[in-house]
Amino acid sequence: DIVCHKWGYQSHDTGGDSRNNVFLNLISLRTAMHNNHHSHPRKYDQGGSKWYEFDLYGKFIKNFMISTK
């Protein structure tokens, strides 16, 4: 979390210092879209509107939830 409050960019004005970090997101496959998370905390898919703001686990959750209904 410290990295995502120091380095990266902000897509949303959340009033805080949370940031999205593309490099860390590539390594973690999810957890570095921190500014997106602060903007929409209840949303399970933390991916954003840009092609590189992906959330692999969010896609998995969405497909799993649809397939179990």
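The radius of gyration of the protein, taken over C-alpha atoms, is 12 Å, which agrees with the value near 11 Å that a compact globule of 69 residues would have; the globule rule is 2.2 Å times the number of residues to the power 0.38. The model is a predicted one, in which local features need pLDDT of at least 70 and side-chain atom pairs count only at pLDDT 80 or more, whereas totals for chains, interfaces and linings use all residues. Residues are numbered from 1 along each chain as its sequence is written, and side-chain values use heavy atoms, with hydrogens and water left out.

Along the principal axes, the C-alpha atoms fill a box of roughly 40 × 25 × 20 Å. The protein contains three helices and zero strands, and its elements follow the order α-α-α from the N terminus. Helices (H or I, at least four residues) and strands (E, at least two) are DSSP runs, numbered from the N terminus. Among the contacts with a separation of 6 or more, 33% are accounted for by residues 24 or more positions apart, a contact being heavy atoms within 4.5 Å.

The accessible surface comes to about 5,000 Å², and 61% of this area belongs to carbon and sulfur atoms. Accessible areas were computed by the Shrake-Rupley method with a 1.4 Å probe; for residues, only the protein chains shown count as cover. Of the 69 residues, 23% count as buried, where buried means under 20% relative accessible area, exposed over 50%, and partly exposed in between (1.4 Å probe, protein chains only).

The structure holds one salt bridge, defined as a side-chain nitrogen of Lys or Arg within 4 Å of a carboxyl oxygen of Asp or Glu. Lys59 and Asp45 form this bridge, with the closest N and O atoms 2.9 Å apart. Lys59 belongs to helix H3 and Asp45 to the loop between H2 and H3, so the pair ties together parts that are 14 residues apart in sequence. Side chains of opposite charge can pair when their charged atoms come close. The two partners are covered as follows: Asp45 is buried, with a relative accessible area of 13%, whereas Lys59 is partly exposed at 41%.

The loop between helix H2 (34–39) and helix H3 (56–67) also contains Lys43, which counts as partly exposed at 41% relative accessibility. The C-alpha atoms of Lys43 and Asp55 are separated by 11 Å, the two residues being 12 residues apart along the chain. In helix H2, His34 counts as buried, with 9% relative accessibility. The side chain of His34 is joined to that of His5 by a polar contact of 3.1 Å. A polar contact is a pair of N or O atoms within 3.5 Å; within protein, one must be able to donate a hydrogen and the other to accept it, and residues adjacent in sequence count only if both atoms are side-chain atoms.

Tyr44, Phe60, Phe64 and Met65 make a nonpolar surface patch of about 430 Å². Patches are made of residues with over 30% relative accessible area and no salt bridge, like charges being joined within 9 Å and nonpolar side chains (Val, Leu, Ile, Met, Phe, Trp, Tyr) within 5 Å. Between the C-alpha atoms of Leu56 and Ser18, 38 residues apart along the chain, the separation is 20 Å.
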